[in-house]
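Subject: Structure handover

Hello,

Here is the structure you asked for. My notes on it follow below.

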Amino acid sequence: ASTETATVADSVSTFSETTYLEILTTYARALSEKWDGSSLMESNIDTLLMDCYGEAPLENVGYAVIDLDGDGIEELVIGTTERLTDEFYGKLLLALYTRDGEGTMHTVFQSMARDRYYYAGENKFANLGSSGADDSVDITVQYAGGTLADTGFVTDPADYVQMELTPMSQWTQSGFGQILR
């Protein structure tokens with residue numbers, strides 16, 4: 001198993017967080033109010049988030065803003081924190097967002113119940129999915145320049161890496177999270 005820890009929380013800056021203000025605020029509100037499926041879907045968030053609520057949804061889900069591929073553009077990662085440890089939700093990445101040269105936000109991926117992403121270290125993500133018994137995917141993709149490319153490898157679940165994420169509770173307590181009060 002990999003012992004690599006992604007130290008991303010230390011690189012978060014106020015500027016970077018404001019770049020993703022709308023999506024961070026939407027996730028924080030969804031978690032704090034425990035939105036139902038239709039409310040999540042109206043905001044382009046998959047219903048998989050509901051399964052992460054538990055007793056402390058703002059502690060179970062976190063975020064990081066980091067330049068994953070070293071291109072000078074910081075990405076936003078939303079995922080489960082170390083509080084969720086089961087095989088399905090532990091180390092799960094709910095979404096990855098990036099910006100283009102004009103600053104427009106784009107979704108790189110968003111996990112769903114039958115199409116999930118986990119961090120595999122070194123800008124790689126394990127992608128597990130299935131739409132039936134004879135149609136499944138278990139690949140590892142490399143993130144670079146706003147896109148994902150199949151590496152041709154499979155990452156063993158024991159090698160998934162827990163990204164160091166700032167709990168969403170800290171977003172709601174920051175000056176930016178005042179919108180929620």
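Before the rest, the conventions. This is a predicted model, in which local features need pLDDT of at least 70 and side-chain atom pairs count only at pLDDT 80 or more, while totals for chains, interfaces and linings use all residues. Residues are numbered from 1 along each chain as its sequence is written, and side-chain values use heavy atoms, with hydrogens and water left out.

Overall make-up

The chain has five helices and nine strands, in the order α-α-α-α-β-β-β-β-β-β-β-β-β-α from the N terminus. Of its 181 residues, 46% count as buried; buried means under 20% relative accessible area, exposed means over 50%, and partly exposed is in between (1.4 Å probe, protein chains only). The accessible surface comes to about 8,800 Å², and 48% of that belongs to carbon and sulfur atoms. Those areas come from the Shrake-Rupley method with a 1.4 Å probe, and for residues only the protein chains shown count as cover. A contact means heavy atoms within 4.5 Å. Among contacts between residues at least 6 apart in sequence, 51% join residues at least 24 apart.

Strands

Two strands are said to pair if DSSP finds at least two bridges between them. Strand 1 (residues 61-66) is joined to strand 2 (residues 75-80) by six bridges, and the two run antiparallel. In this pairing V65 stands opposite L76. Strand 1 also pairs with strand 9 (residues 166-167), again in the antiparallel sense, over two bridges. In a regular strand the side chains alternate between the two faces of the sheet. In strand 1 both faces are covered: V61, Y63 and V65 are buried on one side, and G62, A64 and I66 on the other.

Strand 3 is mostly covered too, with eight of its eight residues buried. Strand 3 pairs with strand 5 (residues 115-121) in the antiparallel sense over two bridges, with L93 opposite Y117. Five bridges join strand 3 to strand 4 (residues 105-110), also antiparallel; R99 has M105 as its bridge partner in strand 4. Strands 3 and 4 form a hairpin with five residues between them, and G103 in the turn has a positive phi of about 90 degrees.

Helix 2 and the cores

Helix 2 (residues 21-33) has 13 residues, which at 1.5 Å a residue should span 18 Å; its end C-alpha atoms are 18 Å apart, so the two agree. The expected span is 1.5 Å times one less than the number of residues. Its buried residues are I23, L24, T25, T26, Y27, A28, A30 and L31. Just after the helix, K34 takes a positive phi of about 50 degrees.

A nonpolar core is a set of buried Ala, Val, Leu, Ile, Met, Phe, Trp, Tyr and Cys residues joined through side-chain atoms within 4.5 Å. The largest has 32 residues, and those with the most contacts inside it are Y27, L49, L76, I78 and M168. Two or more residues each come from helix 2, strand 1, strand 2, strand 3 (92-99), strand 6 (124-132) and helix 5 (168-173). Helix 2 gives the most, with six residues. A second, separate core of 16 residues includes A64, F109, M163 and L165.

Leaving out residues up to four places away in sequence, Y27 touches I45, L49, I78, A95, Y97, Q110 and M168.

Two single residues

N60 is in helix 4 (residues 57-60) and is buried, with a relative accessible area of 5%. A polar atom of its side chain lies 3.1 Å from the backbone oxygen of Y53, and a polar contact of 3.0 Å joins the side chains of N60 and R83. A polar contact is a pair of N or O atoms within 3.5 Å; within protein, one must be able to donate a hydrogen and the other to accept it, and residues adjacent in sequence count only if both atoms are side-chain atoms.

I139 is in strand 7 (residues 135-144) and is partly exposed, with a relative accessible area of 22%. The C-alpha atoms of I139 and V154, 15 residues apart along the chain, are separated by 4.9 Å.

Regards

Methods
Helix = DSSP H or I, 4+ residues; strand = E, 2+ residues; numbered from the N terminus.
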